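Welcome! Here is a short tour of a few residues and the pairs they form. Please take a look at the sequence and the model first.

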Amino acid sequence: MAAAGAVRAAGRRSRALFDIFVAEVPWTVSSKELKEYFSQFGSVQRCQLPFDKDTGFHRRYCWIKFSSSQDVQNVFQKDSHILEGAKLTLKQQPRRRRIQRKNPSD
């Protein structure tokens with residue numbers, strides 16, 4: 001039970017590293033297509049599209065990681081994003097500050 005909680009917490013931490021959360025992704029769109037679409041705004045480092053183990057379909061949302069904050073700004077300058085006739089819902093992920101850890105010997 002504790003191991004499952006640790007895995008979920010690690011997943012939440014890793015998602016904080018992404019720049020944009022995208023919802024309402026059509027069932028027919030793949031991570032490759034999402035990456036191609038968002039690459040028009042800048043360099044996409046990673047696209048994470050989670051799948052449901054029971055159904056085998058993706059969960060209709062994803063996270064996108066860009067190379068720079070300017071790329072993210074380029075995405076949000078466009079009013080709407082439509083893939084295969086469906087309007088995507090985008091939300092910018094808050095940037096986490098890196099915490100400098102003190103040396104335990106100090």
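Some words used below have cut-offs. Buried means under 20% relative accessible area, exposed means over 50%, and partly exposed lies in between, with a 1.4 Å probe and protein chains only.

## About the model

This is a predicted model, in which local features need pLDDT of at least 70 and side-chain atom pairs count only at pLDDT 80 or more, while totals for chains, interfaces and linings use all residues. Residues are numbered from 1 along each chain as its sequence is written, and side-chain values use heavy atoms, with hydrogens and water left out.

Helices (H or I, at least four residues) and strands (E, at least two) are DSSP runs, numbered from the N terminus.

## Two salt bridges

A salt bridge here is a side-chain nitrogen of Lys or Arg within 4 Å of a carboxyl oxygen of Asp or Glu. By this rule there are two salt bridges. One of them joins Lys 65 and Asp 19, whose closest N and O atoms are 3.9 Å apart. Lys 65 belongs to strand S3, and Asp 19 to the loop between helix H1 (2–15) and strand S1 (20–23), so this pair ties together parts 46 residues apart in sequence. Asp 19 is buried, at 4% relative accessible area, and Lys 65 also counts as buried, at 17%.

In the other salt bridge, the side chains of Arg 60 and Glu 24 meet, at 3.9 Å from N to O. Arg 60 sits in the loop between S2 and S3, and Glu 24 in the loop between S1 and helix H2 (31–38), so the pair links parts 36 residues apart in sequence. Arg 60 is partly exposed at 27%, and Glu 24 is partly exposed at 40%.

## Positive phi angles

Most residues other than glycine have a negative phi. Arg 60, however, has a positive phi near 70°. Its loop runs between strand S2 (44–48) and strand S3 (61–66).

Glu 84 is not a glycine either, yet its phi is positive, at about 50°. Glu 84 lies in the loop between strand S4 (81–83) and S5, and is partly exposed with a relative accessible area of 49%.

## Around Leu 88

Is Leu 88 buried or exposed? At 5% relative accessibility, Leu 88 is buried. Leu 88 is part of strand S5 (residues 86–92).

Contact means heavy atoms within 4.5 Å. Leaving aside residues up to four places away in sequence, Leu 88 touches several residues, including Val 22, Pro 26, Phe 38 and His 81. Glu 24 is another residue that Leu 88 touches; the two are 64 residues apart in sequence, but 5.3 Å apart in space from C-alpha to C-alpha.
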